[in-house]
Protein chains: 2
Amino acid sequence: MIMRKELLLEPTPVQYLGRLPGGQDIFMKRDDLLGFSFGGNKCRIGMAFLEDMEQKGGDFMVSYGSPGSNLNRTMAGLCKSRDIPCLILVSEEEGASSKTFNRQIAERTGAQLAVCKKSHVAETVAQVLEELKKKGHRPYYLYGNQYGTGNELAARQAYRKAYHEIGRWEKDSGVKLTHIFHASGTGMTQGGLVAGKREAGGEEEIIGISVARDKDRGMEAVRRYAGEGNEAIRFETDYRCGGYGLYDSSIEDVIEEMMGRHGIALDPVYTGKAYAGMQKWLKQYGTGDERVLFIHTGGLPLYFDYLSGKQAENGS
Amino acid sequence: MIMRKELLLEPTPVQYLGRLPGGQDIFMKRDDLLGFSFGGNKCRIGMAFLEDMEQKGGDFMVSYGSPGSNLNRTMAGLCKSRDIPCLILVSEEEGASSKTFNRQIAERTGAQLAVCKKSHVAETVAQVLEELKKKGHRPYYLYGNQYGTGNELAARQAYRKAYHEIGRWEKDSGVKLTHIFHASGTGMTQGGLVAGKREAGGEEEIIGISVARDKDRGMEAVRRYAGEGNEAIRFETDYRCGGYGLYDSSIEDVIEEMMGRHGIALDPVYTGKAYAGMQKWLKQYGTGDERVLFIHTGGLPLYFDYLSGKQAENGS
């Protein structure tokens, strides 16, 4: 078996991006440079699930996500690398293209694929798990039970550890961060960071920029993944641009600017939306003294989906 | 100006990939994880050209490559990041698609674009340089004169330095390499490595797997980039699969296997062809005692071109 450290290449570098007009120093943690399958937060999270499954004696991974899911792509890949069978459940989303690179890469691992309506996830999960059991497998659904809860502790480990990785970077570099920003979707990344901060007695603000969910649902999820604690959860919903996958020209400008100035690919669904949101947040609430870390949570295949869309628009 | 170290994130990690059936230990240097524009050898090489241009007082970069050129993409990006104007000359190649992601990314930087027949490169370069001078610029053609020679010293620096980076890794890890393999095209990467080896008194074999050129032309180019020396040049032409951009199922299998086992993207034009060639070479000539480094020279957008082609084949 290939060991974790030879697959993920942790820790990831932190890069100084310069100073915003408002005076803030911006750093980026390049989790997009994790070594496995185009990197991204789902490398850390997927590996945490795999380790949990092995500990619990499961032998068949069941994952779930949207057609463009980074988690499904990464989970299918990690399973393939260890010869663990994997089934990925893909939600049918209205208006979303199903021909994403993430889905194509996931399918190429040979993972089983099942499609389900977003309104029937719980039933489909239950049915899939039942069928696998009948065939003699010990399936592991990464979210826990059929309703998607119960496995928060495992997911938490990934960015709890990443938080401590950031702490070691602060110590080495002498930079004391005031804020950590990142794209917040399922809540797994943010929940882990909050748990790490609690453990370490950290003082910076952890601010998740919602890419889709409303405040109540998003905060509830982050809280579950963060575990016991009475800290405030900062889940910002003002920069969603109408919902999952939707974006406007300000997000496109950020993608263009980041590729142009730093050669770093952001995508409109997660990282581009979150980075644009961070800039707006800092403009609105910043004092200028901030030392800010943006976590690049990956999703590089989505940048190529974006380029494909652009090419189609231009009819070339 | 953003400093080099904040763009490229050197040094790159070296990863252990396991043991081949023949007994060889394989390591990979992940130059695909250089921090700028999807990484790759052209990050190091492009930066060497930029530094040379600045030293020589040029103010307008002129690059040249195929429609899928990694050099054009990276050069356009590096220039954009420093607000240096750039013109990329793209050769029209028979049978080659011009709708590559590399070209699209290069165009999105706002670089000027000129297309020329492969048989008319010298005339086109001369004309382009003349026109830029008439407009008051001090153009810098990265290959040197209109025939593409004269600037070998600048190109050499990139992988001469990378060779020493590898040497430091050997010292830190305690691994003594016997062979370094990589995709060899223009000769710039291999020439630099050979120069570094000469300087350090290295003993391992540096073996370039030709992705296109025949032995005479390829070796002559590597020799020019390597500079004075009487060392043997190892430029292997048995694994070209018919020429530039052509590939067979054995190369596709290697791409599949590398993504499946290690989550690492290779492409059929450069890295996949070279890795497959290396495996065949080791099977044919290896003794089993080798400790081998493969340099992943990047070209990640070409993996997505490959996936797009696969999707089109499947009619989905």
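**View 1. Packing around helix α10 of chain B.** The buried residues of α10(B) pack against β7 (179-184), β8 (205-210), β9 (234-236), α9 (249-262) and β10 (291-295) of chain B. Among these buried residues are B:T271, B:Y275, B:M278 and B:L282. A residue is buried if 20 or more other C-beta atoms, placed from the backbone, lie within 10 Å of its own. Helices (H or I, at least four residues) and strands (E, at least two) are DSSP runs, numbered from the N terminus. The model is predicted: local features need pLDDT of at least 70, side-chain atom pairs count only at pLDDT 80 or more, and totals for chains, interfaces and linings use all residues. Residues are numbered from 1 along each chain as its sequence is written, and chains are lettered from A in the order in which they are written.

View 2. Chain A is superposed on chain B by a rotation of 180 degrees with 0.0 Å of shift along the axis (RMSD 0.0 Å), by least squares on the C-alpha atoms of residues with pLDDT of at least 70 in both. The two copies are therefore related as by a two-fold rotation axis. In chain A, the residue closest to this axis is A:L33, with its C-alpha at 3.1 Å.

**View 3. The two domains of chain A.** An automatic or database domain assignment gives domain 1 (4-39 + 152-313) and domain 2 (42-141) of chain A. In chain A, 22 residues of domain 1 are in contact with 20 residues of domain 2; contact requires C-beta atoms, placed from the backbone, within 7 Å. On the side of domain 1 of chain A that touches domain 2 of chain A, α6(A) gives the most, with six residues.

Note on methods
Buried ≥ 20, exposed ≤ 12 C-beta atoms within 10 Å, placed from the backbone.
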